[in-house]
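Start from a single residue, then widen the view to sheets and core.

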Amino acid sequence: MKEKCFNEVKDLVIHPGCDETKRRFTWYNTQKVSGARLQYALKTEYETEGGFTDKNSTIVEGRCEIPYMNKTDLSCKAEIEDLELGTEYVYRVGSCDFFDDNIYSFKTHKVDKKQVFAVISDIHNNMKKTP
C-alpha cells in the first residue's frame, strides 16, 4: 500500500513567464513531502468534466529545495509552458501522488502590438553616502 503524502501548502505565488504563454509558480510545503507537482486544465473542461481527469489535465513535475536557515519548509517551484492566449486555466499544487485541496485559476491575455509593463525595484543596500 502506497503511503499518502501530507501536504502543507502555503504562500503560493504565480509569476509571469518570459512571455504570455508561460507561468511560473512557487510555494512552500512541509519537509515531510518529496517532489513538487502542479496539475492544470482549461477551466471550461474542468467544469464540464467535473474536475481534473487524465483526459483534460496536464501534470508538470517541479522541484523543491530547502531554503536557507529553514528547518521546516521546502521551497517548491514549477512552470507551465505553451498556454493558449485569452484562455482561463485552473490549477492545483502538491507533491508525490497527492495534491492540495485548493483549486486556483488564472487567465492568459491576448497580446496586441501595444505592450504595457511596469518595472519595480526593491533595492536594499547599505552604501555610505559620500560628501
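In which strand does Ala-41 lie? Ala-41 belongs to strand β3. Strands, like helices, are DSSP runs numbered from the N terminus (strands are E, at least two residues; helices are H or I, at least four). A note on the source comes next. This is a predicted model, where local features need pLDDT of at least 70, side-chain atom pairs count only at pLDDT 80 or more, and totals for chains, interfaces and linings use all residues. Residues are numbered from 1 along each chain as its sequence is written, and side-chain values use heavy atoms, with hydrogens and water left out.

Is Ala-41 buried or exposed? Ala-41 counts as buried because its relative accessibility is 2%. The cut-offs are under 20% relative accessible area for buried, over 50% for exposed, and partly exposed in between (1.4 Å probe, protein chains only). Contact means heavy atoms within 4.5 Å. Not counting residues up to four places away in sequence, Ala-41 touches Phe-52, Asn-56, Ser-57, Tyr-89 and Val-90. Thr-58 is 17 residues from Ala-41 in sequence, yet the two are 6.5 Å apart in space, C-alpha to C-alpha.

Now follow β3 to its partner. Two strands pair if DSSP finds at least two bridges between them. Strands of a sheet pair through backbone hydrogen bonds, either parallel or antiparallel. Strand β3 (residues 37-42) pairs with β7 in the antiparallel sense, over six bridges. In that pairing, Leu-38 faces Val-93 of β7.

Four bridges link β7 to β9 (residues 104-107), and the two run antiparallel. There, Val-90 stands opposite Ser-105. Two bridges link β7 to β8 (residues 98-99), again antiparallel. Ser-95 is set opposite Phe-98 in β8. Strand β7 is mostly covered, with six of its eight residues buried.

A second topic is the open sheet. Four strands form it in the order β1-β2-β6-β5, with antiparallel pairing. Its edge strands, β1 (10-16) and β5 (63-65), each pair on one side only. On average, neighbouring strands of this sheet are turned by 20° against each other, direction ignored. Here axes are lines fitted to C-alpha atoms (for helices, over the stretch in contact), and angles run from 0 to 180 degrees between N-to-C directions.

Inside this sheet, β2 (residues 23-30) and β6 (residues 73-80) run antiparallel and share eight bridges. Arg-24 stands opposite Glu-79 in β6. Ser-75 also lies in β6. Ser-75 is buried because its relative accessible area is 14%. Leaving aside neighbours within four places in sequence, Ser-75 contacts Trp-27, Tyr-28, Arg-63, Cys-64, Glu-65 and Pro-67.

Lys-32 is exposed because its relative accessible area is 69%. Lys-32 and Asp-73 are 41 residues apart in sequence and 8.6 Å apart in space, C-alpha to C-alpha.

In soluble globular proteins, nonpolar side chains tend to be buried together. A nonpolar core is a set of buried Ala, Val, Leu, Ile, Met, Phe, Trp, Tyr and Cys residues joined through side-chain atoms within 4.5 Å. The largest one has 18 residues, and those with the most contacts inside it include Phe-25, Trp-27, Leu-38 and Phe-106. Strands β2, β3, β6 and β7 give two or more residues each. The largest share, four residues, comes from β6.
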